[in-house]
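Please look over the sequence and the model before reading on. The report below is meant for someone who is new to them.

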Amino acid sequence: MTTTTISSSTTIHTTSPPLPLTPTHHFPTTVRPHPHPYPNLRLHLRHTTTCSYKISIQHEGQTTQLEVDPDETILEKALESGMSVPHDCKLGVCMTCPAKLLAGSVDQSEGMLSDDVIERGYSLLCVSYPKSDCEIKIIPEEELLSLQLATADD
């Protein structure tokens with residue numbers, strides 16, 4: 001049996017060969033925050049991901065300019081700004097919020113319009129997310145319905 005005294009109040013009794021009592025690894029006793037190598041990186045990324053697009057909407061003889069973020073629909077922003085825009089389901093199926101896209105591009109992959117109608121520049125505002133600055137004219141529901149039904153027969 002081996003007896004090792006570490007300090008006046010601590011004694012270790014072992015039956016195996018003594019182990020070294022000096023630590024082989026040194027760890028810091030205080031933890032300090034490590035500065036980020038690029039402290040402005042987060043601010044820069046936040047700035048580039050929150051861009052908005054200028055949307056010009058023609059409706060009832062007036063043109064309204066809106067700033068719409070890529071993650072919000074044009075209808076949502078139009079209603080929020082106080083515009084009186086026809087709408088109903090807000091799901092892209094009832095076709096009561098039709099528009100003609102005169103310039104720019106939108107993502108309306110959540111809507112139910114046929115591809116050939118979309119290629120002709122028609123959209124549903126409730127599922128139109130801007131991908132660029134846009135110029136849009138709100139059209140009568142009947143115009144889009146007749147076109148959608150005509151292409152459904154093809």
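## Basis of the report

This is a predicted model, in which local features need pLDDT of at least 70 and side-chain atom pairs count only at pLDDT 80 or more, while totals for chains, interfaces and linings use all residues. Residues are numbered from 1 along each chain as its sequence is written, and side-chain values use heavy atoms, with hydrogens and water left out.

## Overall layout

The chain contains 4 helices and 9 strands, where helices (H or I, at least four residues) and strands (E, at least two) are DSSP runs numbered from the N terminus. Read from the N terminus on, the elements follow the order β-β-α-β-β-α-β-β-α-β-β-β-α.

Of the chain's 154 residues, 29% count as buried; buried means under 20% relative accessible area, exposed means over 50%, and partly exposed lies in between (1.4 Å probe, protein chains only). The chain exposes about 10800 Å², of which carbon and sulfur atoms supply 55%, with areas taken from the Shrake-Rupley method with a 1.4 Å probe and, for residues, only the protein chains shown counted as cover. Among contacts (heavy atoms within 4.5 Å) between residues at least 6 apart in sequence, 54% join residues at least 24 apart.

A disulfide is a covalent bond between the sulfur atoms of two cysteines. With the cut-off for a pair of cysteine sulfur atoms set at within 2.5 Å, a search of the whole structure finds 0 disulfides. The cysteine sulfur closest to that of cysteine 89 belongs to cysteine 94 and lies 3.4 Å away, which is too far for a bond. Cysteine 126 is likewise in no disulfide, and the nearest cysteine sulfur, that of cysteine 97, is 3.6 Å away.

Cysteine 89 counts as partly exposed, at 24% relative accessibility, whereas cysteine 126 is buried, with a relative accessible area of 7%.

## Surface residues

Leu91, Val93 and Met112 form a nonpolar patch on the surface, and together they have about 310 Å² of accessible area. Patches are made of residues with over 30% relative accessible area and no salt bridge, with like charges joined within 9 Å and nonpolar side chains (Val, Leu, Ile, Met, Phe, Trp, Tyr) within 5 Å; a salt bridge is a side-chain nitrogen of Lys or Arg within 4 Å of a carboxyl oxygen of Asp or Glu. Methionine 112 sits in the loop between strand S6 (106–107) and helix H3 (115–119), and it is exposed, with a relative accessible area of 52%.

Alanine 150 belongs to helix H4 (residues 141–153) and counts as partly exposed at 41% relative accessibility. Its C-alpha atom is separated by 9.9 Å from that of valine 117, 33 residues apart along the chain.
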